[in-house]
Amino acid sequence: VARQACPRAMAKNGFVVCILVITLLLDQTTSHTSRLKARKHSKRRVKEKDGDLKTQIEKLWREVNALKEIQALQTVCLRGTKVQKKCYLASEALKQFHEANEDCISKGGILVIPRNSDEINALRDYGKRSLPGVNDFWLGINDMVTEGKFVDVNGAAISFLNWDRAQPDGGKRENCVLFSQSAQGKWSDEACRSSKRYICEFSIPS
């Protein structure tokens, strides 16, 4: 632009005018470049602020959801009972194994799985109080995938077993597990489509 302007300026007013034109054009170019850089920096700062705000909002939502889960768990523990780092909540409804497990999941838990003798005793006591007169209820244990290989509802192998005498005895016809009150908390296998009562368990976060 400066090169095109100079010949015209030289023809009219001489060398001084040419210098002035070049200087003016350079000032305009420099000013325009500075404005562009300022805009870019401004946009970058806005993006950084937006990113920081988004991160803070996501963090707040996580904290709110965590508080909701804690409040829900506290409600469950108040309605049911607390045992070590778990809460148990009994249901008086009669459901098949899958239906019972889905109901527990919808509440934020799973079908109860006793992991040691202390939990067996706690379940016996709670079952007698919350399900009076009920002889057995579902546990979150089955061997539906591989006959004889009992796993929990998440597919993990069960290390603690508490079978009653001659149990399990149902073969491929009985792939789900019951907790028996009359057998002092011993287990037996049962057809998964049988309708039984059940107890959900909820893990208390550390």
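Start by selecting Cys-77 and Cys-87, and look along the S-S bond between them. The torsion about that bond is about 90°, so this disulfide is right-handed. Keep in mind that you're looking at a predicted model. The two sulfur atoms of Cys-77 and Cys-87 sit 1.7 Å apart. Now colour the elements on either side: Cys-77 lies in helix α2 (residues 15-79) and Cys-87 in strand β2 (residues 86-95), so the link ties together parts that are ten residues apart in sequence. Cys-87 is buried, because its relative accessible area is 0% and buried means under 20%.

A quick reminder before moving on: a disulfide is a covalent bond between the sulfur atoms of two cysteines.

Next, select Cys-104 and Cys-200. Their disulfide has an S to S distance of 2.0 Å, and with -80° about the S-S bond it is left-handed. This pair links distant parts of the chain, with Cys-104 in helix α3 (residues 97-106) and Cys-200 in strand β8 (residues 196-203), 96 residues apart. Buried or exposed? Cys-104 counts as buried at 0% relative accessibility, and Cys-200 is buried with 1%.

Now hop over to Cys-176 and Cys-192. Here the sulfur atoms are 1.9 Å apart, and the torsion of 95° goes with a right-handed link. Cys-176 belongs to strand β6 (residues 176-180), while Cys-192 is in the loop between β7 (186-190) and β8; the two are 16 residues apart. Cys-176 is buried at 0% relative accessible area, and Cys-192 also counts as buried, at 11%.

The structure holds five aromatic pairs. Select Phe-97 and Trp-138 for one of them: the rings are edge-to-face, 5.6 Å centre to centre with 85° between the planes. Phe-97 is in helix α3 and Trp-138 in strand β4 (residues 136-142), 41 residues apart. Phe-97 is buried at 3%, and Trp-138 is buried at 0%.

Then pick Phe-160 and Trp-187, another edge-to-face pair, at 6.1 Å centre to centre and 75° between the planes. Phe-160 sits in the loop between β5 (151-152) and β6, and Trp-187 in strand β7, 27 residues apart. Phe-160 is partly exposed at 22%, whereas Trp-187 is buried at 0%.

Conventions. Residues numbered from 1 in each chain as written. Predicted model: local features only at pLDDT ≥ 70, side-chain atom pairs only at ≥ 80, totals over all residues. Heavy atoms only, no water. Disulfide = S-S within 2.5 Å. Helix = DSSP H or I, 4+ residues; strand = E, 2+ residues; numbered from the N terminus. Buried < 20%, exposed > 50% of the residue type's maximum accessible area, 1.4 Å probe, protein only. Phe/Tyr/Trp six-rings, centres within 6.5 Å; stacked < 30°, edge-to-face > 60°.
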